[in-house]
Amino acid sequence: MTTEKKAPARRPRSPKPAPAAEACGTCDGSGETTTTVRVGRKRREIGAIQSGLCPTCLGTGTA
């Protein structure tokens, strides 16, 4: 009866660090953009401002 040597077990790889996410240039990382409110057929601006999701990053804040 011969004894066979087992191959050494492989060590699992350590995960690579994720690259740092860059902040979105449109919303500066906040995820929201502001725009002036326009009304009427001639699209005149009134004194109000509304905020919404950033169209570039869709609210995540990273581009």
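Visitor: Is C54 buried or exposed?

Guide: C54 is buried, because its relative accessibility is 0%. Keep in mind that this is a predicted model.

Visitor: Okay, and how far is the sulfur of C54 from the closest cysteine sulfur?

Guide: The distance is 3.7 Å, and the partner is C57. A disulfide needs the two sulfurs within 2.5 Å, so the pair is too far apart for a bond.

Visitor: What is a disulfide, anyway?

Guide: A covalent bond between the sulfur atoms of two cysteines.

Visitor: Is C24 buried or exposed?

Guide: Buried, because C24 has a relative accessibility of 2%.

Visitor: Let's go back to C57. Where is it found?

Guide: C57 is in the segment after β2. With a relative accessibility of 7%, C57 counts as buried.

Visitor: Which residues does C57 touch?

Guide: Leaving out residues up to four places away in sequence, C57 touches C24, C27, G31 and T62. R38 is another story: it is 19 residues from C57 along the chain, and their C-alpha atoms are 24 Å apart.

Visitor: New topic. How many helices and strands does the protein have?

Guide: Zero helices and two strands. As for the overall shape, the radius of gyration is 27 Å, well over the 11 Å that the globule rule gives for 63 residues, so the protein is more spread out than a compact globule.

Visitor: What box do the C-alpha atoms fill?

Guide: Roughly 95 × 20 × 15 Å, taken along the principal axes.

Visitor: And how much of the protein is buried?

Guide: Buried residues are 11% of the 63. The protein exposes about 6300 Å², and carbon and sulfur atoms supply 52% of that area.

Visitor: What's between the two strands, say around R43?

Guide: R43 sits in the loop between β1 (32-39) and β2 (44-53). R43 is exposed, because its relative accessible area is 52%.

Visitor: How far is R43 from T62?

Guide: They are 19 residues apart in sequence, and 32 Å apart in space, C-alpha to C-alpha.

Visitor: Last one: how many positive and negative side chains are there?

Guide: 11 positive and 5 negative, and the centres of the two sets lie 6 Å apart.

Key
Residues are numbered from 1 along each chain as its sequence is written. This is a predicted model: local features need pLDDT of at least 70, side-chain atom pairs count only at pLDDT 80 or more; totals for chains, interfaces and linings use all residues. Side-chain values use heavy atoms; hydrogens and water are left out. Buried means under 20% relative accessible area, exposed over 50%, partly exposed in between (1.4 Å probe, protein chains only). Helices (H or I, at least four residues) and strands (E, at least two) are DSSP runs, numbered from the N terminus. The radius of gyration is taken over C-alpha atoms; the globule rule is 2.2 Å times the number of residues to the power 0.38. Accessible areas come from the Shrake-Rupley method with a 1.4 Å probe; for residues, only the protein chains shown count as cover. Lys and Arg count as positive and Asp and Glu as negative; His and the chain ends are not counted. The place of a charge is taken as NZ of Lys, CZ of Arg, CG of Asp or CD of Glu. Contact means heavy atoms within 4.5 Å.
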